[in-house]
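Below is a briefing on one protein model.

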Amino acid sequence: MSDGNYETLSLTSAFYEKELRLVGSSDGWDYSTHPKWFLETTPYVPELEELFEQTVSSDDLVRCFEQLQTQKRPLKVSVTYPAGD
């Protein structure tokens, strides 16, 4: 992976010969549109949920950040938003 803001993303021609579809959100889709698209077009992947150690509602973000200040290690948090946001 590459962040286009810091370095160029260059791939070999062999990489393009495989079935590939690149979609980026940096300077393109906003950060809520991209995951909505991804989750709507990608088959259910249970391993994706396993990446996160905690799920919180957007209404609980302040409390979540307060709790994170007392953690000794980083925590991967998935945030859920009401429909339409």
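Leu 51 sits in the loop between helix H3 (46–50) and strand S1 (54–57). Helices here are DSSP runs of H or I with at least four residues, strands are runs of E with at least two, and both are numbered from the N terminus. This is a predicted model, in which local features need pLDDT of at least 70 and side-chain atom pairs count only at pLDDT 80 or more, while totals for chains, interfaces and linings use all residues. Residues are numbered from 1 along each chain as its sequence is written, and side-chain values use heavy atoms, with hydrogens and water left out.

**Surface and burial**
- Leu 51 counts as partly exposed because its relative accessibility is 46%; buried means under 20% relative accessible area, exposed over 50%, and partly exposed in between (1.4 Å probe, protein chains only).
- Leu 51 belongs to a nonpolar surface patch with Phe 38, Leu 39, Val 45, Leu 48 and Phe 52, and together they have about 490 Å² of accessible area.
- Patch residues have over 30% relative accessible area and no salt bridge; nonpolar side chains (Val, Leu, Ile, Met, Phe, Trp, Tyr) are joined within 5 Å, like charges within 9 Å.
- Accessible areas come from the Shrake-Rupley method with a 1.4 Å probe, and for residues only the protein chains shown count as cover.
- Of the protein's 85 residues, 6% count as buried.

**Fold**
- The protein has four helices and two strands, in the order α-α-α-β-α-β from the N terminus.
- S1 and strand S2 (residues 77–80) run parallel and are joined by four bridges; strands pair if DSSP finds at least two bridges between them.
- From S1 the chain passes through helix H4 (residues 61–68) to S2 in a right-handed β-α-β crossover, meaning that the path from the first strand over the helix to the second runs clockwise with the strands pointing away from the viewer.
- Val 79 lies in S2 and is the bridge partner of Val 56.
- With a relative accessible area of 27%, Val 79 is partly exposed.

**Charged pair**
- The structure holds one salt bridge, defined as a side-chain nitrogen of Lys or Arg within 4 Å of a carboxyl oxygen of Asp or Glu.
- Asp 60 forms a salt bridge with Arg 63, with the closest N and O atoms 3.7 Å apart.
- Asp 60 is partly exposed at 28% relative accessibility, and Arg 63 is partly exposed at 43%.
- The C-alpha atoms of Asp 60 and Val 79 are separated by 9.0 Å, with the two residues 19 apart along the chain.

**Confidence**
- The average pLDDT (the predictor's confidence in each residue, from 0 to 100) is 75, and 72% of the residues score at least 70.
- Confidence is highest in S1, at 89, and lowest in helix H1 (residues 13–17), at a mean of 71.
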